Amino acid sequence: MKIIRHITIVAAAALGLSLTSCNYNSIVENQQAVEQSWAEVENQYQRRADLIPNLVNTVKGYATHESETFEKVTEARAKATSINITADNLNEETLRQFQQAQGELTQALKSLLAVSEAYPDLKANENFRDLQVQLEGTENRVTTARGRYTEAVQTYNTQIKKFPTVIYAGWFGFSPKPQFQAEPGASQAPKVEF
């Protein structure tokens with residue numbers, strides 16, 4: 001009987017040690033990395049949203065009859081900035097809504113920039129060129145921030161799904177974080193014609 005009790009105590013101690021080796025603190029650190037990288041994604045999208053009014057106003061000065069394009073950009077910007085996601089309410093659905101609104105804004109911006117092709121004076125305007133360069137730089141920052149978010153989520157999600165961490169990750173409320181999905185049509189190469 002004593003042997004069974006000793007085996008039970010040793011097994012319980014081994015289980016306890018294996019659970020502590022999963023390191024609750026490291027899960028918290030990885031969760032914080034996800035939250036920080038999400039904040040950077042939001043920061044870069046906000047930077048893009050802040051550039052848009054100046055870009056629209058600059059284009060308006062040259063292309064006054066493009067009001068439909070301006071309205072689409074303004075509406076898409078309003079929709080994109082109205083979606084407030086925090087790390088706490090970040091899930092598949094909220095991320096999908098966020099990504100859809102940002103995609104609509106991207107399309108509207110492409111239309112706005114396409115308008116500039118019809119106005120040589122606008123393309124030569126220093127303010128417009130500066131805003132265009134800032135927008136391009138911001139798009140690169142968005143891509144970098146999304147990449148860092150993706151890496152942080154992968155690390156965190158992998159950690160909470162590994163055994164034996166998966167056992168107590170759920171007990172403490174650690175749940176998987178969503179990833180960005182490819183935009184519809186992203187799997188098809190753009191058509192290039194000469």
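Colleague: On what basis are the residues numbered and the features selected?

Modeller: Residues are numbered from 1 along each chain as its sequence is written. This is a predicted model, in which local features need pLDDT of at least 70, side-chain atom pairs count only at pLDDT 80 or more, and totals for chains, interfaces and linings use all residues, while side-chain values use heavy atoms, with hydrogens and water left out.

Colleague: How many helices and how many strands does the protein have?

Modeller: Helices (H or I, at least four residues) and strands (E, at least two) are taken as DSSP runs and numbered from the N terminus. From that terminus, the elements run α-α-α-α-α-α-α. The count is therefore 7 helices and 0 strands.

Colleague: What percentage of the residues counts as buried?

Modeller: Buried means under 20% relative accessible area, exposed means over 50%, and partly exposed lies in between (1.4 Å probe, protein chains only). Of the 194 residues of the protein, the buried share is 36%.

Colleague: Is α2 roughly parallel or roughly antiparallel to α6?

Modeller: Axes are lines fitted to C-alpha atoms, for helices over the stretch in contact, and angles run from 0 to 180 degrees between N-to-C directions. Helix α2 (residues 24–60) and helix α6 (residues 126–161) pack at an angle of about 160°, with their axes 8 Å apart. That angle makes the two helices roughly antiparallel, given that angles under 35 degrees count as roughly parallel, over 145 as roughly antiparallel, 65 to 115 as roughly perpendicular and the rest as oblique.

Colleague: At what angle do α2 and α4 pack, and in what kind of crossing does α2 pass α4?

Modeller: The axes of α2 and α4 are 12 Å apart, and the angle is about 30°. The two helices are therefore roughly parallel to each other. A crossing is left-handed if the near helix is turned anticlockwise from the far one by less than a right angle, and right-handed if clockwise. The answer is about 30°, with a crossing that is left-handed.

Colleague: How many residues apart are Glu68 and Lys72 in helix α3?

Modeller: Their side chains meet in a salt bridge at 3.3 Å, N to O. Glu68 is exposed, with a relative accessible area of 52%, while Lys72 is partly exposed at 48%. Both lie in helix α3 (residues 67–82), and the spacing, about one turn of the helix, is 4 residues.

Colleague: What is the N to O distance between Arg96 and Glu93?

Modeller: Arg96 and Glu93 are 3 residues apart in helix α4 (residues 92–115), and so are separated by about one helical turn. Arg96 is partly exposed at 41%, and Glu93 is also partly exposed, at 38%. The distance in their salt bridge is 2.5 Å.

Colleague: Which peptide bond is cis, with omega near 5°?

Modeller: The second residue of this bond, Pro164, is placed in the loop between α6 and α7 (165–169). The cis bond runs from Phe163 to Pro164.

Colleague: What is the area of the nonpolar surface patch that includes Phe163?

Modeller: Patches are made of residues with over 30% relative accessible area and no salt bridge, like charges being joined within 9 Å and nonpolar side chains (Val, Leu, Ile, Met, Phe, Trp, Tyr) within 5 Å. Accessible areas come from the Shrake-Rupley method with a 1.4 Å probe, and for residues only the protein chains shown count as cover. Tyr24, in α2, is partly exposed at 37%. With Phe163, Val166, Ile167, Trp171 and Phe172, Tyr24 makes a patch of about 680 Å².

Definitions and conventions:
Salt bridge = Lys/Arg side-chain N within 4 Å of Asp/Glu carboxyl O.
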